[in-house]
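Let us read a structure together, one feature at a time. Keep the viewer open.

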Amino acid sequence: MLSNLRYLIGGMYFGFVLVKSEVVSWFRIQEMFRFQDFHMYGIIGSAIIVGIISIQIIKRFDLKDIEGNPITIPPKDTSQWKRYAIGGSLFGLGWALLGACPGPIFALLGTGLTIMIIPIIAATFGTWLYGAC
């Protein structure tokens, strides 16, 4: 139980950062989809750059996970492109209509927006459906 406490603390910190950086703000998300502000594009672009650099570091230095196992990144199966296109389009549509993507909906629930229970249920069902197909 106590070993999982770090994940709870990490999740709470992540939610705090999302709220303070206004990433969970539906107004900021609408601005992004209307091409009215750079705020969200800057955050997403920064995350992409950090991800690229991190993966390159992992590959070049043969880093290991916390348990000492080698980190392997299998190549993407490009034969599934239709599935990715449909899933990505549904994800983007839901993000645009709701004004929040799956990570921030938990942070929004934590800020007291109890209406976020509905998208959490829908996201859970979507995840189950993805696994079932």
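**Reading the core and the helix packing**

Q: Leaving aside its neighbours within four places in sequence, which residues is leucine 108 in contact with?
A: Contact here is a distance test: heavy atoms within 4.5 Å. Leucine 108 touches Val24, Ala100, Leu113 and Met116, with neighbours within four places in sequence left aside. Keep in mind that this is a predicted model.

Q: How many residues has the largest nonpolar core, and which have the most contacts inside it?
A: Think of a core as buried nonpolar residues joined through side-chain atoms. The largest one here has 13 residues. Val24, Met40, Trp95, Ile105 and Leu108 have the most contacts inside it.

Q: Which elements give two or more residues to this core?
A: They are α2 (26-33) and α5 (102-110). The largest share, three residues, comes from α5.

Q: Is glutamate 31 buried or exposed?
A: Compare the relative accessible area with the cut-off; buried means under 20%. Glutamate 31 has 13%, so glutamate 31 is buried. This residue is found in helix α2. Leaving aside neighbours within four places in sequence, glutamate 31 is in contact with Gln36 and Asp37.

Q: At what angle do α2 and helix α3 pack, and how far apart are their axes?
A: Take the angle between the N-to-C directions of the fitted axes. For α2 and α3 (residues 39-60) the angle is about 90°, and the axes are 8 Å apart. Angles of 65 to 115 degrees count as roughly perpendicular. That makes α2 roughly perpendicular to α3.

Q: Which residues meet where α2 packs on α3?
A: From α2 come Arg28, Ile29 and Met32. They meet His39, Met40, Tyr41 and Ile44 in α3. By class, the contact of α2 with α3 has five nonpolar residues, one polar and one charged.

Q: How do α5 and helix α6 pack?
A: Read the angle, then the distance. The angle between α5 and α6 (residues 117-132) is about 150°, with the axes 9 Å apart. Over 145 degrees counts as roughly antiparallel. So α5 is roughly antiparallel to α6. The crossing of α5 past α6 is left-handed.

Q: What residues make the contact of α5 with α6, and how do they divide?
A: α5 brings Ile105, Phe106 and Leu109. α6 brings Ile117, Pro119, Ile120 and Ala123. The residues of this contact divide into seven nonpolar, no polar and no charged.

Definitions and conventions
Residues numbered from 1 in each chain as written. Predicted model: local features only at pLDDT ≥ 70, side-chain atom pairs only at ≥ 80, totals over all residues. Heavy atoms only, no water. Core = buried A, V, L, I, M, F, W, Y, C linked by side-chain atoms within 4.5 Å. Buried < 20%, exposed > 50% of the residue type's maximum accessible area, 1.4 Å probe, protein only. Helix = DSSP H or I, 4+ residues; strand = E, 2+ residues; numbered from the N terminus. Axes fitted to C-alpha atoms, helices over the stretch in contact; angles between N-to-C directions. Parallel < 35°, antiparallel > 145°, perpendicular 65-115°, else oblique. Nonpolar A, V, L, I, M, F, W, Y, C, P; charged D, E, K, R; others polar. Left-handed = near helix turned anticlockwise from the far one by under 90°.
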